[in-house]
Every structure is written in C-alpha cells, then in structure tokens.
Amino acid sequence: SWAVADAISRVLKNSEELHSWRRHLLSACMKGLVAMYSSSKDESKQEVERSMLLRLEELLCVVEEVDPDDWCSLVKTGLKYRYRDETFLKVLNVAIQLLYRKESSLSQ
C-alpha cells in the first residue's frame with residue numbers, strides 16, 4: 001500500500017523537499033520491482049507488481065529523471081523476467097519516451 005508515501009507527499013506538498021522525496025520514492029520503486037522480478041520469476045505477485053509499475057509511471061511523469069544504475073537494473077531484469085507482461089511493457093515504453101527526450105538526463 002502507498003498510504004504512508006501518499007501521506008508524506010501530502011505533508012511535503014508545496015515544499016522544496018517534495019522533489020527529493022519523489023526521487024527517493026522512484027528509486028525505491030525501481031529497486032522493489034527489480035527485487036520482485038528476481039525473486040518471483042513466475043509472476044505470482046502480479047497485482048503488487050502492477051501497482052508498483054503504475055506508481056513508477058506516475059513518478060516518472062513528475063520527476064523525469066532516474067538514477068542510471070536503477071534504470072539499467074530495472075530494464076535488464078524486467079526484460080529478462082517480464083518481457084510478456086503487458087503492464088511492464090507499457091510502462092517501459094512510457095519511461096523510454098520520457099527519459100530519452102532531448103532535455104532528459106539520460107539522453108546526454
């Protein structure tokens with residue numbers, strides 16, 4: 001559940017710390033997905049993964065930057081274990097569009 005993260009985000013709303021908080025959430029989300037994919041190769045936790053993927057997409061749209069190591073791990077592990085998962089592929093496509101625009105940190 002994202003209740004605690006959402007509560008903290010509401011408290012930080014309109015503060016300078018919100019962007020940093022979202023970057024940390026984004027990193028934790030990517031690391032969590034990598035851990036789930038690595039430990040649960042059979043897609044048994046689909047609903048939890050789907051929830052994290054949708055949150056990842058939401059965070060990417062507002063943060064628009066990622067740690068290159070987190071990104072590399074997510075892409076490699078995700079494609080290895082979830083290359084048939086529609087939600088993973090959809091979020092990966094959105095992420096690629098966002099992160100590899102000319103202004104993005106990863107496109108340089």
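Which residue just after helix 3 takes a positive phi? I looked and found Glu64, with a phi of about 60°.

Before going on, I noted the ground rules. This is a predicted model, where local features need pLDDT of at least 70 and side-chain atom pairs count only at pLDDT 80 or more, while totals for chains, interfaces and linings use all residues. Residues are numbered from 1 along each chain as its sequence is written, and side-chain values use heavy atoms, with hydrogens and water left out.

**Entry: the fold.** I looked up the elements and got five helices and zero strands in the protein chain. Helices here are DSSP runs of H or I with at least four residues, strands are E runs of at least two, and both are numbered from the N terminus. From that end the order reads α-α-α-α-α.

**Entry: the whole chain.** I found that 39% of the 108 residues are buried; buried means under 20% relative accessible area, exposed over 50%, and partly exposed in between, with a 1.4 Å probe and protein chains only. The accessible surface is about 6,800 Å², and 52% of that surface belongs to carbon and sulfur atoms. Those areas come from the Shrake-Rupley method with a 1.4 Å probe, and for residues only the protein chains shown count as cover. I also checked contacts, meaning heavy atoms within 4.5 Å. Of those with a separation of 6 or more, 67% join residues 24 or more positions apart.

**Entry: helix 3.** I went back to helix 3, residues 46–63, and saw that its 18 residues reach 25 Å from first C-alpha to last, close to the 26 Å expected. The expected span is 1.5 Å times one less than the number of residues. Its buried residues include Met52, Leu53, Leu56 and Leu60. They pack against helix 1 (3–12), helix 2 (17–39), helix 4 (68–81) and helix 5 (86–99).

Leaving out residues up to four places away in sequence, Glu57 touches Lys90, Val91 and Val94.

**Entry: helix 2.** This helix has 23 residues and reaches 33 Å from its first C-alpha to its last, close to the 33 Å expected. Among its buried residues I listed Leu25, Cys29, Met30 and Tyr37. Their cover includes helix 1, helix 3, helix 4 and helix 5.

**Entry: cysteines.** I searched for disulfides, taken as pairs of cysteine sulfur atoms within 2.5 Å, and the count came to zero. Cys61 is partly exposed at 40% relative accessible area, and Cys72 is partly exposed at 39%.

**Entry: the cavity.** The lining includes Leu53, Trp71, Leu74 and Phe88. Helix 5 gives the largest share, four residues.

**Entry: Leu99.** I finished in helix 5 with Leu99, which is buried, with a relative accessible area of 0%. Leu99 and Trp71 are 28 residues apart in sequence, and their C-alpha atoms are 9.9 Å apart.

Technical notes
1 Å grid on protein atoms, 1.4 Å probe; cavity = no way out; pocket = protein on both sides within 12 Å on 5 of 7 lines; lining within 4 Å.
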